[in-house]
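Colleague: I am new to this structure and would like to go through it step by step. Please show it first, and then I will ask.

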Amino acid sequence: MKSEIRDVDDVRIIELSGKITIGSGDVKLRELVDGSLEEGQNNILIDLAGVTAIDSSGIGEMVACYTTVTKRGGQLKLLRLSPKINDILHVTQLITVFDVLDNVQEGLAAFK
Amino acid sequence: MRARSDPSHPTPIPADGPLHAHLVLSSRFENIEIAERALIDLCEDAGFSGDDSYWIVTALREATANAIRHGNKQDPEKTVIIDFRVHSGEVRIRVEDQGEGFDLDTVPDPTDPGYLLRPSGRGIFYMRQFMTRVEFSRAPGGGTVVEMTRRLGAETRSSINEE
């Protein structure tokens with residue numbers, strides 16, 4: 001999994017690509033979110049447009065990150081799901097947990 | 001990492017078709033990529049659609065990850081044995097670990113509101129969503145065997161849910 005980070009106003013955008021899977025992508029995701037919180041960036045927008053696969057460990061880590069950020073008083077939202085990732089969020093019913101936005105403008109506005 | 005043919009394996013899926021693979025992998029997460037690559041190659045050879053291949057590979061990854069993590073406790077000396085077979089318009093996958101087995105009845109439904117925010121426990125759910133049939137049994141040595149089938153062209157439950 002690869003990642004790029006940028007901050008727009010008070011929102012940390014984490015752009016991911018590749019696979020969020022057990023043993024690598026899931027660990028990296030946790031590190032990216034923990035690092036953001038340590039830097040005081042509690043509003044996190046995870047851009048999944050380039051993510052090709054997310055296994056149960058990856059989705060579990062996403063849930064854990066959501067819980068951690070929420071407990072810190074921040075917000076974690078998802079941006080640009082591919083059709084397959086959208087399918088997975090629906091079958092796991094996590095689509096009811098995450099706020100999902102279609103583009104960056106919508107994503108940034110959702111934190112205001 | 002080990003990947004080899006093992007014709008002496010005691011309970012192989014019969015190789016009565018031209019598309020059959022048998023892998024023996026040590027219990028390391030990076031070896032999931034080897035299993036995935038082998039299955040993708042087989043799916044391409046069989047002319048599967050992209051959707052079929054994607055969900056079959058997703059289920060394989062879950063079964064293999066469970067065997068490594070929960071079955072073999074990531075002990076690299078223990079192996080995960082994987083068979084793939086394509087026959088009569090369906091793909092069959094068999095994954096066996098060398099663990100101590102588990103009680104399927106103790107695995108909660110991860111979509112239950114009380115479990116929705118748990119960070120783990122979705123692997124078997126993934127398999128059942130994306131394969132037509134999933135069955136668990138005990139290997140002769142006490143480990144877990146999961147056998148999964150997907151009929152080609154079958155809808156995933158996600159497609160059904162969206163209707």
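Colleague: In which sense do strand 1 of chain B and strand 2 of chain B pair, and over how many bridges?

Modeller: This is a predicted model, in which local features need pLDDT of at least 70, side-chain atom pairs count only at pLDDT 80 or more, and totals for chains, interfaces and linings use all residues. Residues are numbered from 1 along each chain as its sequence is written, while chains are lettered from A and ligands numbered from 1 in the order in which they are written. Helices (H or I, at least four residues) and strands (E, at least two) are DSSP runs, numbered from the N terminus, and two strands pair if DSSP finds at least two bridges between them. Strand 2 of chain B covers residues 79-87, and its pairing with strand 1 of chain B is antiparallel, over 7 bridges.

Colleague: Which residue in strand 2 of chain B stands opposite B:L25?

Modeller: Strands of a sheet pair through backbone hydrogen bonds, either parallel or antiparallel. In strand 2 of chain B, the residue opposite B:L25 is B:V80.

Colleague: Which are the edge strands of the sheet in chain B?

Modeller: The open sheet has 5 strands in the order 1-2-3-5-4, with antiparallel pairing. From one strand to the next the twist averages 15°; such angles run from 0 to 180 degrees between N-to-C directions, and axes are lines fitted to C-alpha atoms, for helices over the stretch in contact. Two strands pair on one side only, and these edge strands are strand 1 (20-26) and strand 4 (133-138) of chain B.

Colleague: What pattern does chain B follow along the sequence?

Modeller: Chain B has 4 helices and 5 strands. Read along the sequence, their pattern is β-α-α-β-β-α-β-β-α.

Colleague: Across which strands does helix 2 of chain B lie?

Modeller: Helix 1 (residues 31-46) of chain B lies across strand 1 and strand 2 of chain B, at about 175° to strand 1 of chain B. Helix 2 of chain B runs at about 175° to strand 5 of chain B, and the strands it lies across are strand 2, strand 3 (90-96) and strand 5 (144-151) of chain B.

Colleague: Are helix 2 of chain B and helix 3 of chain B roughly parallel or roughly antiparallel to each other?

Modeller: The axes of helix 2 (residues 50-71) and helix 3 (residues 123-130) of chain B come within 9 Å and cross at roughly 155°. Angles under 35 degrees count as roughly parallel, over 145 as roughly antiparallel, 65 to 115 as roughly perpendicular and the rest as oblique. Helix 2 of chain B and helix 3 of chain B are therefore roughly antiparallel.

Colleague: Which residues in helix 3 of chain B meet helix 2 of chain B?

Modeller: Residues are in contact if their C-beta atoms, placed from the backbone, lie within 7 Å. Helix 2 of chain B brings B:W55, B:T58, B:A59, B:E62, B:A63, B:A65 and B:N66, and in helix 3 of chain B they meet B:G123, B:Y126, B:M127 and B:F130.

Colleague: Which residues of helix 3 of chain B are buried?

Modeller: A residue is buried if 20 or more other C-beta atoms lie within 10 Å of its own, exposed if 12 or fewer, and partly exposed in between, with C-beta atoms placed from the backbone. Helix 3 of chain B is mostly covered, with 6 of its 8 residues buried. They are B:G123, B:I124, B:Y126, B:M127, B:Q129 and B:F130.

Colleague: In chain A, which residue in the turn of the hairpin has a positive phi?

Modeller: Strand 1 (residues 2-8) and strand 2 (residues 11-20) of chain A run antiparallel and are joined by 7 bridges. They form a hairpin with 2 residues between them, and the one in the turn with a positive phi of about 55° is A:D9.

Colleague: What is the bridge partner of A:I14 in strand 3 of chain A?

Modeller: Strand 2 of chain A pairs with strand 3 (residues 43-54) of chain A in the parallel sense over 9 bridges. The partner of A:I14 there is A:I46.

Colleague: Which helix of chain A gives the largest share of the side that touches chain B?

Modeller: The contact takes 20 residues from chain A and 22 residues from chain B. On the chain A side, helix 2 and helix 3 (83-91) each supply at least two residues. The largest share, 8 residues, comes from helix 2 of chain A.

Notes
Contact = placed C-beta atoms within 7 Å.
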